[in-house]
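Open the model in your viewer and keep the sequence panel beside it. The stops below say what to select and what to look for there.

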Amino acid sequence: MRLDVVTIFPEYLEPLDVSLVGKARARGRLDVHVHDLRRWTYDRHNTVDDTPYGGGPGMVMKTDPWGEALDSAIADGYEAGAHDPVLVVPTPSGRPFTQQTAVALARQPWLIFTPARYEGIDRRVMDEYATRMPVHEVSIGDYVLAGGEAAVLVITEAVARLLPGVLGNAESHRDDSFAPGAMANLLEGPVYTKPPVWRGRAVPEVLTGGHHGKVARWRRDEALRRTAAHRPDLLERCDPAEFDRKDREI
Ligand SMILES: N#Cc1c(N)n[nH]c1-c1ccc2c(Cl)cn(Cc3cccnc3)c2c1
C-alpha cells in the first residue's frame, strides 16, 4: 500500500516512522510519502488560507496550493506504479471512522490523505478530485481537534495493522473487539501476566487452572460485563445464540 499525506505540518507525521507503521514501512508493506503543502505556495508568506466567502469566523484553506500539491502527489504515485487512489479527508463533519472503515481502506492499494487546518479546505478541491477517485470524508470521533493530522495517525495505524504481514501471530487482529466472531462487538476484558500475586492482589484462579474451556467462558463473561458497563450500545449488535453456541463448544 502507498500512502500520500499532504499537510502544512509534515513533522506531525513523524510518528509514521516508528512502531507498527514504521515496521510495516521497513518490511515494504507500506510506502509513505509526506508532502509539505507550502511547497506549492509562491508568495513571501507561503499563504495557504484566506477569509471565507459569506463571512464567518476563521479562515479557509485555498484551492490552488491543494490542487497543485495533490496533482503532484498523484503524478508521483502513478509514476511509481501505484494505481486506483482513494482520497481520505479527515473532517469533523465526516462519516464516523470505524473498524469497518479501516477494513475497507486496508483493501485499497493507495490512500491519499488531506489533513487540513483552519475551518477546512475550499469545497471545490474535494469536488474536483471526486471526479477522478473515491473521496472518503471521515471523522475519528465525536470530539473536536484543531486539524486533521492526528486523525491521519489514527487512521493509518488502524489500517496498517490490518495489512498482511504487519502484525505477528502474537498480535493477531483476529480477536479484535470489533472483528467478526463470537467476541465481535464486545470490549476487551481484563488481562493479567506474571507475577501471580502483586501487592497482595492475586490473578483470578480460573486463569491459572489450565482449563481452556473455563478460561474462554470467563473471558467472554468479563468482556460482556465490561461492554455492559462501558458500551451497552454494542450489546444490541450481539447475538445471544452465538454465546449459547460457543457455550456448547466449551
Ligand atoms: N477527523 C476529525 C476531526 C474530529 N473528530 N474532530 N475534529 C476533526 C478535524 C478534522 C479536520 C479538521 C480541519 Cl481541516 C480543521 N479542523 C478544525 C475544526 C474544528 C471544528 C470545526 N471546524 C474545523 C479539523 C478538525
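Start at asparagine 46, in the loop between β2 (31-36) and β3 (49-50). This is a predicted model, and the backbone here deserves a look: phi of asparagine 46 is near 50°, a positive value in a residue that is not glycine. Colour by accessibility and asparagine 46 comes out as partly exposed, with a relative accessible area of 30%.

Next, select serine 19, which belongs to helix α1 (residues 19-26). Serine 19 is not a glycine either, yet its phi is positive, at about 55°. Is serine 19 buried or exposed? Its relative accessibility is 56%, and because the cut-off for exposed is over 50%, serine 19 counts as exposed.

Move on to the peptide bond from lysine 194 to proline 195. That bond is cis, with omega near 10°. Proline 195 sits in the loop between α5 (149-160) and β8 (197-198).

Now select the ligand and display the residues around it. The shell has 19 residues, of which Ala116, Ser139, Gly141, Tyr143 and Leu145 come nearest. Sorted by class, the shell holds 11 nonpolar, six polar and two charged residues.

- Glycine 141: a backbone N or O atom is 2.9 Å from a nitrogen atom of the ligand.
- Isoleucine 140: a backbone N or O atom is 3.4 Å from a nitrogen atom of the ligand.
- Valine 138: a polar backbone atom is 3.5 Å from a nitrogen atom of the ligand.

Of the 530 Å² of accessible area that the ligand has on its own, the protein covers 87%. Two elements, β5 (85-96) and β7 (135-139), each give two or more residues to the shell around the ligand. The largest share, three residues, comes from β5.

Finally, zoom out to the whole protein. Colour residues 2-160 as domain 1 and residues 174-250 as domain 2; their C-alpha centres lie 37 Å apart. A cartoon view shows eight helices and nine strands. Taken along the principal axes, the C-alpha atoms fill a box of roughly 70 × 40 × 40 Å.

Of the 250 residues, 41% are buried. Among contacts with a separation of 6 or more, 75% join residues 24 or more positions apart.

How values were computed
Residues are numbered from 1 along each chain as its sequence is written. This is a predicted model: local features need pLDDT of at least 70, side-chain atom pairs count only at pLDDT 80 or more; totals for chains, interfaces and linings use all residues. Side-chain values use heavy atoms; hydrogens and water are left out. A residue is near a molecule or strand if one of its heavy atoms lies within 4 Å of it. A polar contact is a pair of N or O atoms within 3.5 Å; within protein, one must be able to donate a hydrogen and the other to accept it, and residues adjacent in sequence count only if both atoms are side-chain atoms. Accessible areas come from the Shrake-Rupley method with a 1.4 Å probe; for residues, only the protein chains shown count as cover. Helices (H or I, at least four residues) and strands (E, at least two) are DSSP runs, numbered from the N terminus. Ala, Val, Leu, Ile, Met, Phe, Trp, Tyr, Cys and Pro count as nonpolar, Asp, Glu, Lys and Arg as charged, and the others, Gly among them, as polar. Domain bounds come from an automatic or database domain assignment. Buried means under 20% relative accessible area, exposed over 50%, partly exposed in between (1.4 Å probe, protein chains only). Contact means heavy atoms within 4.5 Å.
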